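Hi everyone, thanks for coming.

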Amino acid sequence: MNLKPSFFDRRANTGRIPHDDFQAVENLAMELIRFLPRARNRPIVFVCIGTDRSTGDSLGPLVGSLLEEKDISSFHIYGTLDEPIHAVNLDERLKEITLKHHDPYIIGIDACLGRMKNVGVIQVGNGPVKPGAGVNKELPAVGDIHITGIVNVSGFMEFFVLQNTRLNLVMKMAKTIANGIYQASVLHSSGRLQELTQQEQKKTN
């Protein structure tokens, strides 16, 4: 759980996507495509952080399990409900990943707390997620980029808030994130990544 979303709010290159927007899945996929490395031989690894012992903190492993069911061959997925990645084993699992994959491009996925108006928003941006930042835990930063979901309100009794976060919201957000990643994997494996990137660059020029 990353409890300091304001760190990402200051980044100009962070995409913010309401999970219930009718184009949320497509928008998330395109945000991911925008960040993915152009080198086809670089392994892309998703590290889904969290635990099923806390409703609010279960976003990461829920995404991991949903992706595992989709059997995405072009991406590597770590962190599921069966094998969660959390504060106790995070450092060990990151070492395993770096040993198994040469120069991996890592996307860290985690839940976070934020302002009331932003609850339900999915954020995609440059730089790592910092698990435990808001509860004074010294955990390693994860990811070349991050995907975070604001699951509830921050500022007071965070652990209590996490325990009382609605599973319905977390599940809906997890499905949106997993479907967005799946769409990005289809585009990536089909070789359309460079074509779509060029189209996006033309739009911004």
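Let's start with the contacts, where a contact means heavy atoms within 4.5 Å. Among contacts in the protein chain between residues at least 6 apart in sequence, 75% join residues at least 24 apart.

Before going on, a word about what we are looking at. This is a predicted model, in which local features need pLDDT of at least 70 and side-chain atom pairs count only at pLDDT 80 or more, while totals for chains, interfaces and linings use all residues. Residues are numbered from 1 along each chain as its sequence is written, and side-chain values use heavy atoms, with hydrogens and water left out.

Now the overall layout. The protein chain has seven helices and six strands; these are DSSP runs, with helices being H or I of at least four residues and strands being E of at least two, numbered from the N terminus. Of the 205 residues in the protein chain, 51% are buried. Buried here means under 20% relative accessible area, exposed means over 50%, and partly exposed is in between, using a 1.4 Å probe and protein chains only.

Next, a pair of helices. Please find helix α3, residues 59–70, and helix α6, residues 167–189: their axes come within 9 Å and cross at roughly 45°. The axes are lines fitted to C-alpha atoms, for helices over the stretch in contact, and angles run from 0 to 180 degrees between N-to-C directions. How are α3 and α6 oriented to each other? They are oblique, because angles under 35 degrees count as roughly parallel, over 145 as roughly antiparallel, 65 to 115 as roughly perpendicular, and the rest as oblique.

Which residues make the contact? From α3 we have L59, L62, V63, L66, L67 and K70. From α6 come L167, V170, M171, M173, A174, K175, I177, A178, N179, I181 and Y182. Sorted by class, this contact of α3 with α6 has 14 nonpolar, one polar and two charged residues. For the classes, Ala, Val, Leu, Ile, Met, Phe, Trp, Tyr, Cys and Pro count as nonpolar, Asp, Glu, Lys and Arg as charged, and the others, Gly among them, as polar.

You will find V45 in strand β2, residues 44–48. Is V45 buried or exposed? V45 is buried, with a relative accessible area of 0%. Not counting residues up to four places away in sequence, V45 touches H76, Y78, I97, H101, P104, Y105, I106 and I107. V45 and T98 are 53 residues apart along the chain, and their C-alpha atoms are separated by 9.9 Å.

H19 sits in the loop between β1 (14–18) and α2, and at 14% relative accessibility H19 counts as buried. Leaving aside neighbours within four places in sequence, H19 is in contact with A24, G120, I122, L169, K172, M173 and T176.

Now for some charges. Side chains of opposite charge can pair when their charged atoms come close. How many salt bridges does a search of the whole structure find? It finds four, a salt bridge being a side-chain nitrogen of Lys or Arg within 4 Å of a carboxyl oxygen of Asp or Glu.

One of them joins the side chains of E31 and R34, at 2.8 Å, N to O. E31 and R34 are three residues apart in helix α2 (residues 24–35), so about one helical turn separates them. E31 is buried at 18% relative accessible area, whereas R34 is partly exposed at 40%.

Helix α4, residues 90–100, holds D91 and K95, four residues apart, about one turn of the helix. D91 forms a salt bridge with K95, and their closest N and O atoms are 3.3 Å apart. R93 and E96 also lie in α4, three residues apart, and form a salt bridge with closest N and O atoms 3.1 Å apart. R93 is buried at 13%, while E96 is partly exposed at 38%.

Finally, two arginines in loops. R53 lies in the loop between β2 and α3 and is exposed, at 73% relative accessible area. R53 and Q163 are 110 residues apart in sequence, yet 8.5 Å apart in space, C-alpha to C-alpha. R38 is in the loop between α2 and β2 and is partly exposed at 43%. R38 and H188 are 150 residues apart in sequence and 9.8 Å apart in space, C-alpha to C-alpha.
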